Amino acid sequence: MKITLVLCPSWGIETPHLGIALLSANLRKNGFAVAVLDLNIRFHNRHKEEGLWKSEEDVHWEDPQSLNRFVQENSALLDSFADEILATGSEVIGFSVYSTTQRLSLELARRIKSKDKAKTIVCGGQMCYPQARAMSLIREESVDAVVLGEGDEVIVSLMRKMAESGKPDHCLGVLWKENGTVRSGGLAPAIADLDGLPCPDFSDFNLRDYGNPTQLPMLASRGCPYPCAFCNTKLFWGKHRSLSGERMFREVLHDLDLYPEVHFITLNDHTVNADMEAFSHFVDLATELKEKNGHLKKNYARLGWKGAAVIREEMTKELMERVKRSGCIELEYGVESASDKVRRIMRKPPKDMGTLERVIRDTAEAGIDVRANFMFGFPGETVEDFEQTLEFLRRNKDYFRQVHPSETFCHIDPDTYMYNHPQEFGITNFLTNSLYWESAEDLQNIYPERLRRHQVFCDLASSLNIPLSPGGLKIRLYKQHFLDEYFKYKERAAG
Ligand code: B12
Ligand code: SF4
């Protein structure tokens with residue numbers, strides 16, 4: 001039984017896709033044949049001049065009209081890709097579905113089905129959770145099964161079912177269709193022993209096709225143990241789990257040994273330091289590799305890495321210096337707001353501003369670039385609270401390498417704590433739209449006001465010479481479009 005894993009545009013172009021590399025490693029370990037087609041990078045390498053792969057252009061891939069234009073202009077190429085997928089001879093075709101890859105994946109799935117109905121189309125990826133999104137995918141005519149949440153083990157079980165009965169069948173973690181009716185196998189438990197998973201298999205990707213052939217991605221943990229009210233991490237990944245420090249290090253070594261040109265690892269975790277023991281052990285092992293064994297291989301000595309981390313008391317000055325020695329060049333932190341009051345409402349660690357400012361300063365002074373995320377108009381954030389965030393930015397301007405203002409300002413994702421407890425936050429009318437919620441307690445805090453705060457923040461960052469991430473640039477580019485959409489929504493809602 002063979003599966004072809006497909007990635008459609010648009011996705012990152014700097015490194016190969018980690019999810020596919022993890023799935024293919026576990027499928028092969030369990031005896032299944034795998035082919036991989038990264039159509040994202042192939043499309044990109046033909047279209048690079050168009051700049052459509054920049055993060056701020058995600059609108060292009062999500063908007064039905066602009067996507068239809070792309071499909072029409074590239075129809076022959078899409079057909080040839082469908083033929084190439086069929087030529088792999090796989091019985092199962094799996095698509096990695098994200099907000100930006102969904103439309104083209106479904107277009108290709110339709111073309112594959114129209115050429116060969118017998119193929120089984122399976123979707124997985126971040127659009128396959130929560131249930132509402134997954135349900136809309138399984139209802140697509142060309143989709144036979146949807147894998148909910150983390151796919152490493154579920155895809156293996158599904159392939160076993162396929163090998164037994166030739167069709168998707170009752171399987172934990174899978175939605176499938178039976179005589180046109182959607183069936184659900186229920187949720188699969190989170191993978192308990194991450195150390196037991198094989199290292200990702202990047203052998204199907206030609207690293208030279210990617211923007212940064214010296215880099216590979218890695219995931220050292222899944223989920224996050226913190227309780228931030230707005231965050232949807234738990235929804236997809238469930239309970240927080242981490243690789244042990246030793247297994248993290250083994251994966252890094254595995255990549256460096258297999259690919260002598262690779263010397264940089266991007267940790268794609270939500271929080272690399274949620275398990276402090278594993279993190280600290282990894283840091284020591286990586287430092288030892290660089291400093292004691294660097295003479296053995298060039299890429300050992302040059303090892304570098306970056307990741308996202310949570311600001312916590314244990315991130316001491318001494319630890320930050322060790323983190324730097326281990327090769328870390330950048331840490332991304334969620335600041336979100338510099339008002340203690342707002343951070344308390346958010347349930348955002350750390351509890352006190354003192355720790356927040358100290359860790360940011362110690363990180364920067366250790367020589368590690370600091371990137372920080374910010375939100376605007378969180379329920380309860382007054383103009384005075386927002387001023388505190390602006391003041392914080394002025395005070396700490398020298399420590400930031402880049403700031404990342406949230407491009408949705410403050411949206412409410414389904415099934416987050418906020419979504420499930422709207423009264424606690426004084427939120428009204430959010431059920432129909434996650435962006436345009438209003439606050440019963442603060443009538444000022446509406447979408448255009450949140451957008452205004454975002455703009456004020458971006459202008460201040462620019463005047464302080466702090467670079468903005470693409471999200472900040474996107475609102476500048478499309479501000480009028482976003483406001484028009486909001487006012488159209490309000491008109492429809494009124495009448
Ligand atoms: C790294 C990252 C990026 C990198 C990608 C680098 C790369 N080459 O991979 C960059 C910075 C480019 C990026 C950009 C964007 N990203 Co991003 N990104 C991430 C991040 C932090 C990690 C991704 C990752 O490697 N995860 C680890 C892998 C193992 O997880 P996975 O891909 O989901 O795969 C698992 C399952 O989904 C499933 N699975 C995946 N594919 C398949 C296929 C089949 C057949 C099956 C059965 C299962 C399956 O099994 C895998 C293993 O368990 C995630 C958050 C997160 N932690 O997941 C956000 C995330 C994926 N990104 C997201 C978004 C929205 C974007 C942007 C659109 C945002 C923007 N406007 O800037 C852009 C789009 C890029 C583009 N140009 O089109 C969202 C996706 C939401 C959604 N519902 O689709 C996420 C979840 C963040 C969030 N919570 O909002 N991103
Ligand atoms: S620390 Fe970050 S990843 Fe964890 S719950 Fe809070 S926002 Fe989400």
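This report describes a helix pair, some features of the backbone and the surroundings of a ligand.

## About the model

The structure is a predicted model, in which local features need pLDDT of at least 70 and side-chain atom pairs count only at pLDDT 80 or more, while totals for chains, interfaces and linings use all residues. Residues are numbered from 1 along each chain as its sequence is written, and chains are lettered from A and ligands numbered from 1 in the order in which they are written.

## Helices 18 and 19

Helix 18 (residues 447-463) packs against helix 19 (residues 470-494) at an angle of about 165°, and their axes are 11 Å apart. Helices (H or I, at least four residues) and strands (E, at least two) are DSSP runs numbered from the N terminus, and axes are lines fitted to C-alpha atoms, for helices over the stretch in contact, with angles running from 0 to 180 degrees between N-to-C directions. The angle makes helix 18 roughly antiparallel to helix 19, a term for angles over 145 degrees.

On the side of helix 18, the contact is made by Tyr-447, Pro-448, Leu-451, His-454 and Cys-458, and on the side of helix 19 by Gly-472, Ile-475, Arg-476, Phe-482, Leu-483 and Tyr-486; two residues are in contact if their C-beta atoms, placed from the backbone, lie within 7 Å. These residues divide into 8 nonpolar, 2 polar and 1 charged, where Ala, Val, Leu, Ile, Met, Phe, Trp, Tyr, Cys and Pro count as nonpolar, Asp, Glu, Lys and Arg as charged, and the others, Gly among them, as polar.

## Cis peptide bonds

The peptide bond from Pro-9 to Ser-10 is cis, with omega near 5°, and Ser-10 belongs to the loop between strand 1 (2-7) and helix 1 (18-29). Another cis peptide bond joins Pro-349 and Pro-350, with omega about -5°, and Pro-350 lies in the loop between helix 14 (340-346) and helix 15 (353-365).

## Positive phi values

Asn-179, which is not a glycine, has a positive phi near 50° and is found in the loop between strand 6 (174-178) and strand 7 (181-184). Asn-179 counts as exposed because it has 5 C-beta neighbours inside 10 Å, the cut-off for exposed being 12 or fewer.

Phe-409 also has a positive phi, of about 70°, without being a glycine, and its place is the loop between strand 15 (400-405) and helix 17 (417-420). Phe-409 is buried, with 22 other C-beta atoms within 10 Å, where buried requires 20 or more.

## Around ligand 2

The residues around ligand 2 are Cys-224, Tyr-226, Cys-228, Cys-231, Thr-233, His-270, Thr-271, Val-310 and Gly-334, each with its C-beta atom, placed from the backbone, within 6 Å of the ligand. By class, this shell has 5 nonpolar, 4 polar and no charged residues.

How values were computed
Parallel < 35°, antiparallel > 145°, perpendicular 65-115°, else oblique.
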